[in-house]
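Please look at the sequence and the structure before reading on.

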Amino acid sequence: MRGLIRTNFAILATSLAVIGVIAIWPIAEPTHIGMLAGDAYRGAYLARSSGCIACHTNSAAAGAALAGGAPLDTPFGSFVPPNITPDLAGGIGYWTLDQFAVALRQGVRPDGKAYYPAFPYEFYADMSDQDVADLWAALQTVPPIAEPAAAHDVSFPFNMRWGLKIWRAALMTPAAISPVLGQSVAWNRGQQLVTGAAHCAACHTGRNIVGGLKASEMLAGNDKLPGGSVAPPILAVALVAKGWTVANMAYALRTGVMPDGDVLGGSMAEVVQYSTSYMDDADREAIATFLLTIDGQVPKDVARETPIADAGMTGMAHSSGMVME
Amino acid sequence: MFKNTVLGAVVLSALGAVAAAHNGATGLVMERMMGMSAMKTLMADLAPMMQGNVPYDGIAVQEAAFALQGHAGETLTGLFPQDDIPKASYAKREIWTDWERFAALSEELRLYSEGLSIAAANGLDAPVPAPVVATNNATAMPGMDHTAMQMPAEPEGFTVSELMGITSRAAVSPGTIAGAATETRPPGVDFAAMAADDVFERISQTCASCHAQFRRGN
């Protein structure tokens with residue numbers, strides 16, 4: 001009996017010691033951006049492209065800009081995107097630029113604790129110091145809101161943040177984007193947006209039981225999105241089979257209208273509404289070019305068509321047999 | 001061309017009805033699915049024209065706009081009496097819990113459809129140029145960061161305030177609308193001075209806004 005008690009005590013003590021070690025395990029790599037000046041306009045464009053505005057603003061409830069987003073209900077609990085206005089009490093006004101960089105690119109809070117991967121920091125890992133400084137400058141333009149966002153509602157055992165350090169060690173896949181010299185400017189820009197800032201894989205890739213992205217199913221679709229939504233595969237072959245072209249995909253990212261005339265709904269409608277519709281045409285075409293590339297090139301019948309309509313001749317149909325001199 | 005459009009809409013509506021029936025939709029649910037299917041067909045016909053990929057036909061656009069108008073407003077809301085949602089339906093409960101918003105979007109669709117019938121004669125060129133999203137003609141090979149990419153200069157695109165969501169783009173630009181609950185139709189929109197594709201974009205954004213909030217699935 002005494003031996004059993006001793007064994008249980010040893011197990012308990014060891015467990016507590018392991019948890020203690022994990023809890024103090026430093027996960028943030030030091031960052032020193034210093035006083036790098038940011039461009040608020042570039043930062044604002046990047047904030048839109050990266051989904052910051054869509055996520056941290058509860059538009060459906062007419063919430064103030066970046067004062068906290070709508071709760072994201074997941075199998076692990078309900079996550080509330082926090083207030084990231086420059087308010088000293090309710091927002092992130094007391095942060096330094098370096099702390100912001102660590103939070104954004106490494107997913108670590110100023111107090112050293114890890115963020116839940118509901119915040120897609122993995123996709124922002126490759127942002128440059130200038131990108132971070134630009135975003136920081138843009139955030140300073142937002143009116144401060146003193147009220148903090150509601151706390152997450154996460155059930156045991158996922159409410160123990162120290163466990164995220166183990167998750168990070170095993171499953172975190174920070175974006176590492178390398179330009180491909182043999183590819184076009186549009187393709188490279190598309191790669192940067194799709195695999196980085198726009199974080200398409202966050203929804204369009206399946207996740208394992210602890211929320212890690214399945215590397216073997218990258219962009220192959222996810223039928224278990226929060227709220228019961230489904231994200232279809234956006235691999236090139238699947239997209240081409242469904243009639244997508246560079247032109248109509250760029251148009252869908254601007255307007256929501258799909259090739260069959262239906263208009264995107266669910267969370268993708270929100271992506272269009274709050275993010276891609278603010279992008280410029282070149283960026284939307286870049287995303288489409290990257291996603292529709294098969295074996296290194298965009299198939300000829302999928303590439304950007306040359307407009308044939310004469311917009312200047314309003315109200316007139318040009319029949320195919322018409323000859324103009 | 002419009003005859004083909006109408007014929008296509010009828011055929012696709014019938015196919016949609018068959019598909020819906022196969023999915024177990026009956027009565028009002030099937031009726032609204034048919035209405036949505038007909039609108040989808042009209043949108044599919046209009047979209048290539050609005051992108052300049054097929055020749056613009058102002059008369060066809062006007063007739064399609066009238067058809068869309070006929071499906072919107074009270075005609076649309078009349079198809080959604082508060083009731084249990086059958087399994088076959090894509091409707092979300094929020095339609096009835098936020099009926100005011102749903103009805104506003106439906107009316108907005110009617111107004112913009114009417115607007116398209118007015119702007120149809122303008123083609124893809126507005127008599128008075130409207131602000132548009134800037135086009136980026138970057139030519140440099142991108143590097144590892146966004147710094148290497150040219151981004152649109154502020155005067156050509158949205159303002160910092162609009163990009164950050166501090167002010168609604170609907171309040172200052174006729175290019176877009178229909179988004180969040182706070183965004184309302186800008187007063188005094190002169191459809192006669194707008195390009196047809198600008199009005200068409202507003203229609204699509206109204207549809208997207210409604211689908212995002214009130215339709216199951218993407």
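In helix α11(A), A:G266, A:A269, A:E270 and A:Q273 meet B:A208, B:S209, B:H211 and B:A212 of α9(B). Contact here means heavy atoms within 4.5 Å. By class, this contact of α11(A) with α9(B) holds three nonpolar, four polar and one charged residues; Ala, Val, Leu, Ile, Met, Phe, Trp, Tyr, Cys and Pro count as nonpolar, Asp, Glu, Lys and Arg as charged, and the others, Gly among them, as polar.

The model is predicted: local features need pLDDT of at least 70 and side-chain atom pairs count only at pLDDT 80 or more, while totals for chains, interfaces and linings use all residues. Residues are numbered from 1 along each chain as its sequence is written, chains are lettered from A and ligands numbered from 1 in the order in which they are written, and side-chain values use heavy atoms, with hydrogens and water left out.

Two packed helices are described by the angle between their axes and the distance between the axes. The axes of α11 (residues 266-274) of chain A and α9(B) come within 8 Å and cross at roughly 140 degrees. Axes are lines fitted to C-alpha atoms, for helices over the stretch in contact, and angles run from 0 to 180 degrees between N-to-C directions. Helices are DSSP runs (H or I, at least four residues), numbered from the N terminus. The two helices α11(A) and α9(B) are therefore oblique to each other; angles under 35 degrees count as roughly parallel, over 145 as roughly antiparallel, 65 to 115 as roughly perpendicular and the rest as oblique.

Within chain B, the axes of helix α2 (residues 27-50) and helix α9 (residues 196-214) come within 10 Å, crossing at roughly 140 degrees. That makes α2(B) oblique to α9(B).
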